[in-house]
Amino acid sequence: MSGIPEAIETARRFGIKIIPGVEISTIFSQRGSESEEPVHILAYYSSCGPSKYEELENFLANIRDGRFLRAKDMILKLNKLKLPLKWEHVAKIAGKGVAPGRLHVARAMVEAGHVENLKQAFARYLYDGGPAYSTGSEPLAEVAVQLIHRTGGLAVLAHPWALKNPAAIIRKLKDVGLHGLEVYRSDGKLVAYTDLADTYGLLKLGGSDYHGRGGHGESELGSVKLPVLVLNDFLKVARPIWCGAIKEILESYADEPSDSNLSHITRYGRGKMLKRNYPLNCGKGLVDECLSLWLTNEERQSAEFEAIKLKLSHVSINQGGLNVPIESV
């Protein structure tokens, strides 16, 4: 999620609203069965991000660490298939410090001349269960959904049509707190998954699943047209959850006004705040600016957030050796 602050700052210049999120690769294991199935869970957060940022980041870091081992295993399998590829080549494509994924391996295959394009690399070798496919250290899907809940996000099942047994997975994930599933694609709404969403009382969403792979097998950005009513239904469920996360972040700072807790407040809005006429360490201006970025007028004026602002009025922000009371602005 390291690119989100830059995305939000850039989007503001173009009048675009960014909903911070992440797609998490997980594994679903049916009880009593030895078979496992890859499942992708989407997490949607408020403009301030997850309420327990470190917990989510540590969770994602474990997955990224596993991706290094996974990529090396894919390279090993390709070499055994008489398609020589070097780790250094894949790592260079991924970039310094970036956990390599299948896309980076596919690009290395194209550059090495083993396949004509990225689509061919996936269709022949890297698809789920393919001859060069490998799993990493993916968590269980249920664990990911529960984590998203704890960190103030909405959990949504991505592209259920790619699953072998979607009904069983949806039923299980609903029991642990799944909020919705994708039913809209670039080629239209899938009735079967709409019915599943209705059966389990889940939100109906959709997305392009654009990953920059290229070729005819990937939908373009903006190719999925979500009805306005779908977005409204999503926000009706999301806003109270996001307000709860924002409240938790602000109360954590009020209880413990540390630099770490302050960074949770400013993580996704720091650039805009620094452009204001008041310095960042002027508390009330900072809190009001945050709330104006994150909440609607009605939400800001609620008794809960008025109480939080009152509580913060007795807290000083320490920055650069200066203690500045929140009420000083």
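This is a predicted model: local features need pLDDT of at least 70, side-chain atom pairs count only at pLDDT 80 or more; totals for chains, interfaces and linings use all residues.
Student: How many helices and strands does the chain have?

Tutor: The chain has 14 helices and eight strands. Of its 329 residues, 46% count as buried.

Student: Is Ser 134 buried or exposed?

Tutor: A residue is called buried when its relative accessible area is under 20%. Ser 134 has 5% relative accessibility, and therefore counts as buried.

Student: Which residues does Ser 134 touch, leaving aside those up to four places away in sequence?

Tutor: Ser 134 touches Arg 70, Asp 73, Met 74 and Lys 77. With one of these residues, Asp 73, Ser 134 also forms a side-chain polar contact of 2.7 Å.

Student: What share of the contacts in the chain with a separation of 6 or more comes from residues 24 or more positions apart?

Tutor: Such residues account for 62% of those contacts.

Student: Which residues of helix H14 are buried?

Tutor: In H14, which spans residues 303–312, the buried residues are Phe 305, Ile 308 and Leu 312. They cover an arc of only 55° around the axis, so they lie on the same side of H14.

Student: Which residues are exposed on the other side of H14?

Tutor: Ala 303 and Leu 310 are exposed there.

Student: How may the surface of the whole chain be described?

Tutor: The chain exposes about 16,900 Å², and carbon and sulfur atoms supply 52% of that area.

Conventions: Residues are numbered from 1 along each chain as its sequence is written. Side-chain values use heavy atoms; hydrogens and water are left out. Helices (H or I, at least four residues) and strands (E, at least two) are DSSP runs, numbered from the N terminus. Buried means under 20% relative accessible area, exposed over 50%, partly exposed in between (1.4 Å probe, protein chains only). Contact means heavy atoms within 4.5 Å. Accessible areas come from the Shrake-Rupley method with a 1.4 Å probe; for residues, only the protein chains shown count as cover. A polar contact is a pair of N or O atoms within 3.5 Å; within protein, one must be able to donate a hydrogen and the other to accept it, and residues adjacent in sequence count only if both atoms are side-chain atoms. The arc is that of the directions from the helix axis to the C-beta atoms.
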